Amino acid sequence: MSLSTGAATAHAQAAPAVSLDPDNARLGTSLVLGLDTPAAPLVLTLPGGTRFDPRAAAAGAGVGFGSYAMNVEGFLAPGGDTQLVWSLAATLGASPGEVTIKSTLLGADTAAALLAPQIGAAVPTATTTTARFARSGGRLEFRLDRLPVAFSPPPPTTVTPARLELSLGAGRRVRQTFYHRIRVPTPSGGSRVRRVRDHRLVAHDLLRTPPRCSSIWAYTLRAGGRTASGSMPCLAPAL
């Protein structure tokens with residue numbers, strides 16, 4: 001972090017803003033967000049057919065990572081601006097569909113020593129917020145009621161959200177026992193059914209892509225009272 005009277009360092013624009021990675025149909029995937037000037041409440045309606053499986057991870061297990069940046073301006077005479085960045089770590093919550101997002105300020109010691117005295121307020125170094133996956137109208141939604149960090153220093157300093165990057169996904173394979181039923185002959189000339197124990201690995205993915213693709217998948221993003229429709233490229237399922 002640096003304190004200056006010039007413009008804050010620009011953050012590279014990610015494209016597209018919303019994607020599923022990988023984008024092949026019928027595969028386990030990750031939701032990837034790269035939103036400039038994010039706003040809350042944020043509701044992302046995922047493409048029809050996207051599935052969520054909480055069995056992909058135990059409660060408290062890691063399911064994602066990212067970063068959150070805020071621009072801080074007006075704390076020096078004249079001007080003065082910088083950008084604060086928090087790293088994000090997401091874990092699966094205890095209630096259905098819940099995701100806990102923990103934020104940790106990068107360069108916290110520098111912010112405390114240099115920035116806090118200038119603005120007259122402490123900078124949040126560790127915060128926690130909650131997101132949720134839920135279904136509405138038959139489609140899966142990702143809901144974030146509050147941005148990862150709330151920071152409102154006294155005037156003349158102003159703080160504005162700059163960028164939210166978040167990747168969410170997890171998967172595991174569970175051993176499942178099953179039995180083959182085989183008819184075998186008996187010495188008396190008849191037959192009987194014999195059960196032969198076997199096992200298979202069953203895939204559980206936190207998110208799974210839709211079963212079909214016709215070159216694009218559509219989504220809707222509502223953020224801070226504004227609604228935007230978008231699409232992401234996709235690939236047909238592998239044969």
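Author: The structure holds seven salt bridges, where a salt bridge is a side-chain nitrogen of Lys or Arg within 4 Å of a carboxyl oxygen of Asp or Glu. The model is a predicted one, in which local features need pLDDT of at least 70 and side-chain atom pairs count only at pLDDT 80 or more, while totals for chains, interfaces and linings use all residues. Residues are numbered from 1 along each chain as its sequence is written, and side-chain values use heavy atoms, with hydrogens and water left out.

One of the salt bridges joins the side chains of D53 and R55, at 3.0 Å from N to O. D53 is buried, with a relative accessible area of 13%, whereas R55 is exposed at 51%; buried means under 20% relative accessible area, exposed over 50%, and partly exposed in between (1.4 Å probe, protein chains only).

Another salt bridge links E98 with R132, whose closest N and O atoms are 3.6 Å apart. E98 belongs to strand β7 (residues 98-105) and R132 to strand β8 (residues 126-136), so this pair ties together parts that are 34 residues apart in sequence. Helices (H or I, at least four residues) and strands (E, at least two) are DSSP runs, numbered from the N terminus. E98 counts as buried at 18% relative accessibility, and R132 is partly exposed at 29%.

The side chains of R143 and E141 also meet in a salt bridge, at 2.9 Å from N to O. Here R143 is partly exposed, with a relative accessible area of 28%, and E141 is buried at 6%. Salt bridges that share partners join D36, R163 and E165 into one network. The side chain of R163 makes a polar contact with the side chain of D36 at 2.8 Å. A polar contact is a pair of N or O atoms within 3.5 Å; within protein, one must be able to donate a hydrogen and the other to accept it, and residues adjacent in sequence count only if both atoms are side-chain atoms.

The nonpolar side chains may be considered next. The largest nonpolar core has 49 residues, and those with the most contacts inside it are L31, L44, V123, F133, F142 and F151. Strand β6 (residues 81-92) gives the most to this core, with five residues. Such a core is a set of buried Ala, Val, Leu, Ile, Met, Phe, Trp, Tyr and Cys residues joined through side-chain atoms within 4.5 Å. Leaving aside its neighbours within four places in sequence, V123 is in contact (heavy atoms within 4.5 Å) with L84, W86, L105, A111, L115 and F151. L84 lies in strand β6 and is buried at 2% relative accessibility.

As to confidence, the chain averages a pLDDT of 90, and 92% of the residues score at least 70; pLDDT is the predictor's confidence in each residue, from 0 to 100. Over residues 1-14, pLDDT stays under 50.
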